Amino acid sequence: MQKKDHPGVYIPPPLIYVAFFFLSVALQKIIPLNNLFLQTATAATAGWILLIAGMVIVVPALWKFIASKNTVVTIKPASSLQTTGIYAITRNPMYLGLLLLYCRIGIFKGSWWTFIVIPLLVVTVQFYIIRKEERYLQRAFGNEYLQYKKKVRRWI
């Protein structure tokens with residue numbers, strides 16, 4: 001029996017965002033930072049903007065996968081390459097949208113640590129998830145993916 005190729009990302013990507021959020025909560029308990037600004041109307045407004053922006057990016061990305069009967073499970077092979085709609089703007093709209101929603105939760109929870117760990121979160125997503133997915137998509141879709149990659153940026 002031949003083994004099916006897939007990206008090889010065994011931890012569901014949303015769980016990585018959740019893990020970093022819990023890390024930020026723990027850091028806030030260990031090394032508390034003043035969060036008064038995160039309790040202001042300005043921060044609340046920013047939080048709503050982040051929520052809306054995140055949903056505007058994530059919902060169409062998920063819808064494209066559902067409509068094309070593709071999988072978001074990263075240990076299953078892709079049935080098609082997504083290149084239209086939100087995927088014509090960013091190659092990774094789900095990860096970008098999750099990052100915006102993560103920031104929204106950081107404001108809601110009122111922790112600067114949520115924002116301080118963002119560079120580490122982005123590096124983790126970049127190297128653990130995106131690089132593996134890109135290698136897989138190149139194997140699975142060849143030149144079609146390479147052409148798409150030339151036209152559309154990884155994040156924004």
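Helices in this account are DSSP runs of at least four residues, numbered from the N terminus. The model is a predicted one, and within it R91 lies in the loop that runs between helix 2 (41-67) and helix 3 (93-109).

- R91 has a relative accessible area of 11%, and because buried means under 20%, R91 counts as buried.
- The side chain of R91 is joined to the side chain of E134 by a polar contact of 2.6 Å.
- Leaving out residues up to four places away in sequence, R91 touches E134, Y145, Y148, K149, V152, R153 and R154.

**The largest pocket**
- The largest pocket holds about 680 Å³ of space, and of the 35 residues that line this pocket, F65, T74, M94, Y95 and E133 are the closest to its centre.
- Two or more lining residues come from each of helix 1 (13-30), helix 2, helix 3 and helix 5 (118-151), with helix 5 giving the most, namely seven residues.
- By type, the lining of the largest pocket divides into 25 nonpolar, six polar and four charged residues.

**The largest nonpolar core**
- The largest nonpolar core is made of 38 residues, and those with the most contacts inside it are Y17, Y102, L121, V125 and W155.
- At least two residues of this core are supplied by each of helix 1, helix 2, helix 3 and helix 5, and helix 5 gives the most, with ten residues.
- L121, apart from its neighbours within four places in sequence, is in contact with I16, Y17, F20, L99 and Y102.

Technical notes:
Residues numbered from 1 in each chain as written. Predicted model: local features only at pLDDT ≥ 70, side-chain atom pairs only at ≥ 80, totals over all residues. Heavy atoms only, no water. Buried < 20%, exposed > 50% of the residue type's maximum accessible area, 1.4 Å probe, protein only. Polar contact = N/O pair within 3.5 Å; in protein donor to acceptor, adjacent residues only side chain to side chain. Contact = heavy atoms within 4.5 Å. 1 Å grid on protein atoms, 1.4 Å probe; cavity = no way out; pocket = protein on both sides within 12 Å on 5 of 7 lines; lining within 4 Å. Points joined across faces, edges and corners; volume = space filled by probe spheres on them. Nonpolar A, V, L, I, M, F, W, Y, C, P; charged D, E, K, R; others polar. Core = buried A, V, L, I, M, F, W, Y, C linked by side-chain atoms within 4.5 Å.
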